[in-house]
Amino acid sequence: MPMKSWPVFVLGLCAGLMLAAAFGLAQPGHRVEPTAAAPERASVALAPPGATAVQSAAAPKATLSWEFAAAPALPPEDGKLRIIQFGAHPDDCEIRAGGSGALWSKLGHHVKFVSVTNGDIGHWQMAGGPLALRRTAEAIKAAEILGITTEVLPIHDGELEPTLEYRRLITRLIRAWNADIVISHRPNDYHPDHRYVGVLVQDSAYMVAVPFFCPEVPPLKKNPVFLFSYDTFQRPNPFRPDIVVAIDEVIEQKLDALVAMTSQFVEGGALGHAGLVPRNEEEMQKRAQQVRDSFKRRFASIADRCRQKLIELYGEEEGNKVRYAEAFEICEYGRQPTLQEIRTLFPFLPKK
Ligand SMILES: [Zn+2]
C-alpha cells in the first residue's frame, strides 16, 4: 500500500470497527439471532457480556452456565399486548405483578419480567455466583408457572447505580420488547436497588422514543404506559392506586410461583436464619403453607386498602367481593391512558 493511502485505510478501519461494535458484531456470542417472526427488532444486541441466564416460557429447558446461555425469545408482532416489568431482584416482579402476569398470559399476551440485579447477596448463608445461579433458576421456575418470559441481568445485588450505561440497557430492553406497558418500582422505595430501578426506568421513559439515543435499536413509535407497582412508602408522597387488579382466579398459581423461590420465601433471603430451613418433607410442607398464608394476607391487605378503586373498576358488587389484588400507579412520564385504554391494556378488567 502506498504511504499516502495509510491515513485513509486507518480511518476506514476505525469507522468499520465502530460500526461493528454499534451493531453488536464485535460480540457474536451475545447477539439475538433474527427470527422470522420479528426480524427487525430481533437483530440487535440486547444484553451485555456475561448475562447470567435468560429463559422463555416457550423454551422452558434452561442450561445454567456462567456463559451467556441464550437470549430471550422475542414475541411475534401478533397484535397482542406486550408488557415488560423491571424488578431489582429475582422475586420483586413476581411479588408485585405475578397475578397480573398470569392473567395477561392466559389471554395470550406477552409478559416479560426482568430482574435488574442477579440477587447474589440475597441470602443469610450463601452469596456470589452459586446464589446468583440458584436465584436465576428460581426465577425461571416461577416464569414457567406463570406462563411468562424472564431474564436476570448480570449486575451485582446491592450495587445498582443509575448510570448512563444502565439507562441505555433499560432503554434497549424496553424497545426490543416493543412494550405497551412498562412496570417498575417507585423511586422512593426503601432499597437502593429498587429506587435506582425506578430512576432508570423513568430516565428511559422519554428516551425510548428518541431515535438518536441508542440508534442501533429502533425507537418505539408509540410511547408505552409506565406504571409503578404497589408499595406502602409515604414520603415524599404515598402510592396512588390508579389501576387495581383482582387476582383471585390466579392466586394459587401466584403462590406456587412464590413458593418456588425457596431461597427467599422458605429460607428467608438475606435476613433469614437456619431455623427456617425445612429438614424433611413434612417441615417443607408446613413452611410452604406459612409462606402461602403470609402472602395471602399481604395481597388481601392490598385489596382492602384499594377497595374504592376496585369498586370503581369492577362495580359495587364485584369490587366488594375481591379478596386478593395487585395495584399500579400511572407514572406521569410516558403515555397517559384514558379509562377506556386502561380497560384495553388490562383486558381482564370488566368492560363498562
Ligand atoms: Zn428486591
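Reader: To get my bearings, how many helices and strands does the chain have?
Author: The secondary structure of this predicted model comes to twelve helices and eight strands. Of the 352 residues of the chain, 44% count as buried.

Reader: Let's take strand E6, then; is it largely enclosed or exposed?
Author: Strand E6 covers residues 225-229, and five of its five residues are buried, so the strand is largely enclosed by the rest of the structure.

Reader: And which residues sit on each side of E6?
Author: Val-225, Leu-227 and Ser-229 are on one side, while Phe-226 and Phe-228 are on the other, and both faces are covered. In a regular strand the side chains alternate between the two faces of the sheet.

Reader: OK, which way do E5 and E6 run, parallel or antiparallel?
Author: Strand E5, residues 181-184, runs parallel to E6, and four bridges join the two. Between them the chain passes through helix H6, residues 192-207, and this β-α-β crossover is right-handed. As for a particular pairing, Ser-184 has Phe-228 of E6 as its bridge partner.

Reader: What about E6 and E8?
Author: Four bridges also join E6 to strand E8, residues 325-334, but these two strands run antiparallel. Here the bridge partner of Ser-229 is Phe-328, which lies in E8.

Reader: Switching to helices, how far apart are the end C-alpha atoms of H5?
Author: They are 20 Å apart, which agrees with the span that the 14 residues of H5, residues 164-177, should have at 1.5 Å a residue.

Reader: Why is H5 described as largely enclosed?
Author: Ten of its 14 residues are buried, so the rest of the structure largely encloses the helix. Among them are Tyr-166, Leu-169, Arg-172 and Trp-177.

Reader: Last one: where is the cis peptide bond?
Author: The cis bond joins Arg-235 and Pro-236, with omega at about 0°, and Pro-236 is found in the loop between E6 and strand E7.

Key: Residues are numbered from 1 along each chain as its sequence is written. This is a predicted model: local features need pLDDT of at least 70, side-chain atom pairs count only at pLDDT 80 or more; totals for chains, interfaces and linings use all residues. The expected span of a helix is 1.5 Å times one less than its number of residues. A residue is buried if 20 or more other C-beta atoms lie within 10 Å of its own, exposed if 12 or fewer, and partly exposed in between; C-beta atoms are placed from the backbone. Two strands pair if DSSP finds at least two bridges between them. A crossover is right-handed if, with the strands pointing away from the viewer, the path from the first strand over the helix to the second runs clockwise.
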